[in-house]
Amino acid sequence: MAATRARVSSFSRNVSTVTSQNHGLKHGPNGTMFISSGIPDLDKILGGGFSLGSLVMVMEDPEAPHHMLLLRNFMSQGLVQKQPLLYASASRDPKSFLGTLPSPASPKGDNKSSDLSHEKDLRIAWQYKKYFGEPQLNLNTNNVYYIAGGQHDYCNDFDLRKPLDRHFFSGNNVDCVSIKDSPNLTALQDCCAGFLAKFSRNEGSISSAGRIAIQSFCSPQCKYSNEEWHMLSFIRSLKGMARSSNAVIVVTFPPSLLPPSCSKRLQHMADTLLSVKAIPDEDKELAKLLTGYQDMIGLLNVHKVARLNTQFTT
């Protein structure tokens, strides 16, 4: 009996030849590839994470810098998975921000002392643990990391109290750019173009993915903050470059400091649109709706989700 062939419409994309050799990538529908946002629950809401080739815009809250938590997790997740990173901000020394990145949290119920003593008792049979599917200890670094199958998780939980180990960004995988004194966005556009050129798309395998993080894009510290058309042209160009690359670009911006028309255009150009908002100290109505209200510091709103490789348009 002849094998039946699957019926494929003329609007479907053939992605059978596209493979991934990177554990930090996840396959999605319609040939989409995801990288993690660094927040497990957000990845679930987005259907797997941030789509490769997409532009993610995050609207900042003027009352609290909660957008920095999202940005830190996004950057730390990429560095843990050895994905190259380009970080730009209005700070005079953007490299100092790397010292605030969180470290992956230890697994729940982890007891290092008991685990290490257990390893001593089983030093003879330790090599056979891999046949039972148990997590192995990587003792090559100062910290102890549980690595399933010798690889980091697709998405980690991060401990905001512990800084990321310096060996994650001590190599050539991190580029930092200051846009504080730049008269325009030409230099930043050239840096982004050069970075994204390393991750150009092809029909073969995806060996690596890149991440770009731009903090407070339209902040008043930047000299171009009053040039509305120049900023919109830059974001439009950045989105076009992202489409032809295996990378994700996350840009945070303060909508309260922009003209309404400019803010709306930036939101419209985003593939994925998020916003963060601080929770008032005493909101009785919200406290009745949310469980664990006292432990919450902010809300993360998902306004738009990327729909790449589909016929949906915005």
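Guide: In this predicted model, the buried residues of helix H5 (residues 228-243) pack against strand E4 (55-59), helix H4, strand E11 (210-214), strand E12 (247-253) and helix H6 (260-269). Those buried residues are Met231, Leu232, Phe234, Ile235, Leu238, Met241 and Ala242. The 16 residues of H5 should span 22 Å at 1.5 Å a residue, and the end C-alpha atoms are 23 Å apart, which agrees.

Among these neighbours, H4 (residues 186-196) packs on H5 at an angle of about 5°, with the axes 10 Å apart. Angles under 35 degrees count as roughly parallel, and H4 and H5 are therefore roughly parallel to each other. On the H4 side, Leu188, Gln189, Cys192, Ala193 and Leu196 make the contact, meeting Phe234, Ser237, Leu238, Met241 and Ala242 of H5. By class, this contact has eight nonpolar residues, two polar ones and no charged ones.

Glu228 pairs with Arg265 at 3.7 Å, N to O. Because Arg265 lies in H6 and Glu228 in H5, the pair ties together parts that are 37 residues apart in sequence. Both are partly exposed, with relative accessible areas of 43% for Arg265 and 24% for Glu228.

Asp271 lies in the loop between H6 and strand E13 (272-278), 28 residues from Arg243. Arg243 is partly exposed, at 33% relative accessible area, whereas Asp271 is buried, at 8%. Salt bridges with shared partners join Lys239, Arg243 and Asp271 into one network.

Conventions:
Residues numbered from 1 in each chain as written. Predicted model: local features only at pLDDT ≥ 70, side-chain atom pairs only at ≥ 80, totals over all residues. Heavy atoms only, no water. Axes fitted to C-alpha atoms, helices over the stretch in contact; angles between N-to-C directions. Helix = DSSP H or I, 4+ residues; strand = E, 2+ residues; numbered from the N terminus. Parallel < 35°, antiparallel > 145°, perpendicular 65-115°, else oblique. Contact = heavy atoms within 4.5 Å. Nonpolar A, V, L, I, M, F, W, Y, C, P; charged D, E, K, R; others polar. Expected span 1.5 Å × (residues − 1). Buried < 20%, exposed > 50% of the residue type's maximum accessible area, 1.4 Å probe, protein only. Salt bridge = Lys/Arg side-chain N within 4 Å of Asp/Glu carboxyl O.
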